[in-house]
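Have the viewer open as you read.

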Amino acid sequence: MNNFRFADCHSCLPVRPDADINMLKVHYEAGCRYVSINVGMDLQPVSQIFSTIASFRRQISESDFLIQAENFSDIERAFREEKLAVSFDLEGSLPLLDNKDTLALYKKLGLRQIHLAYNRNNSIAGGAHDPVKQGLTKFGEEIVREIHRLGILMDLSHSSEETARDICALSRTLNKPVLYSHANPRAIVKHERNISDEIIQEVAKTGGIIAINGVAKFVGSSDLNPLAMIPHIEHCAALVGTDKVAIGLDYCYDDGISDIPSDCNRGFWWPIQSGYGENGLGGKYISPENLCKICEELARLNYQEDEIAAICSKNLLVLIDKSWY
Ligand SMILES: [Zn+2]
């Protein structure tokens with residue numbers, strides 16, 4: 001195991017109750033001491049999401065290297081005791097069933113981070129790949145207020161720019177930070193899922209962070225060279241400061257069994273015209289084992305030790321400490 005320690009803002013296990021959470025050993029062995037994992041997307045039914053959460057909670061409680069991160073102190077303990085703290089996130093708001101009260105319930109089950117639209121518009125927010133540009137709806141405003149009230153991290157990934165702008169503006173009036181848990185600057189790679197400099201600056205004004213992902217098509221590296229993440233990190237750091245940049249690998253563990261419902265219209269959620277393959281997602285991902293190479297490269301580029309630690313873990317930990325309660 002290397003000497004670097006990391007906090008990963010977002011990665012994915014298969015959203016299935018029979019998925020083996022011990023796959024996270026790869027994160028652990030790479031030096032990660034905190035990770036937020038996806039427990040559901042807009043395209044998965046609530047029954048699948050609930051049975052997955054139940055299974056993951058049991059598996060974490062039985063594990064000798066995982067800690068369920070309910071509070072910031074659980075993450076501090078994971079760093080101290082060399083464990084991996086895990087909390088849950090949702091990708092989209094359809095699992096809320098248009099009911100604000102479900103947020104508090106999900107929080108009790110371990111949810112600590114949520115974005116509101118998975119690529120497509122819904123009753124709450126607009127998605128990044130929807131042809132109809134939609135901001136936050138009136139009901140969406142209530143949802144954002146409740147997310148902040150509950151101390152859940154307000155994520156903007158997969159949202160439309162209009163929605164991101166609206167959430168940043170509302171969050172500023174509430175004096176609450178927001179984040180992109182896995183999004184890269186469009187100035188480096190032009191893709192609808194990547195984000196403009198204007199939005200990066202809006203997030204920074206809330207006191208929030210942008211976590212850079214390792215998805216090949218968003219990083220712009222078909223051969224999965226981890227150093228291809230560096231220009232994304234450097235661009236954000238130059239634009240808004242090294243204290244606003246983090247890592248959200250979006251590494252998707254694959255055990256060979258799909259977690260996408262068989263009747264799902266993949267082309268709707270991952271449109272071919274937006275650069276996805278015929279079968280939908282099918283991404284390639286830079287793995288956690290490569291994180292130390294990113295640190296070494298930042299050091300070679302004369303980033304100071306405290307700046308590297310900030311990008312690799314501290315900025316996210318500071319945000320969580322400020323936001324969760
Ligand atoms: Zn995602």
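What follows covers the ground rules, then the helices, then the core.

## Ground rules

This is a predicted model, where local features need pLDDT of at least 70 and side-chain atom pairs count only at pLDDT 80 or more, while totals for chains, interfaces and linings use all residues. Numbering runs from 1 along each chain as its sequence is written.

## Helix 6

Helices (H or I, at least four residues) and strands (E, at least two) are DSSP runs, numbered from the N terminus. Helix 6 packs 13 residues into 19 Å from first C-alpha to last, close to the 18 Å expected at 1.5 Å a residue; that expectation is 1.5 Å times one less than the number of residues.

Its buried residues are Thr 163, Ala 164, Asp 166, Ile 167, Cys 168 and Ser 171. Buried means 20 or more other C-beta atoms within 10 Å of a residue's own, with C-beta atoms placed from the backbone. Helix 5, strand 6 and helix 7 are among the elements covering them. After helix 6 comes Asn 175, with a positive phi near 60°.

## Helix 7

Helix 7 spans residues 197-205 and buries Ile 199, Ile 200, Glu 202, Val 203 and Ala 204. These pack against helix 6, strand 7, strand 8 and helix 9. Gly 207 follows, again with a positive phi, here near 90°.

## The core

The largest nonpolar core has 91 residues, and Val 203 and Ile 210 are among those touching the most other members. Helix 12 gives the most to this core, 7 residues. Such a core is a set of buried Ala, Val, Leu, Ile, Met, Phe, Trp, Tyr and Cys residues joined through C-beta atoms within 7 Å.

Leaving out residues up to four places away in sequence, Ile 210 touches Tyr 180, Ala 183, Ile 200, Val 203, Cys 236, Lys 244 and Val 245. Contact here means C-beta atoms, placed from the backbone, within 7 Å.

Terms used: Buried ≥ 20, exposed ≤ 12 C-beta atoms within 10 Å, placed from the backbone. Contact = placed C-beta atoms within 7 Å.
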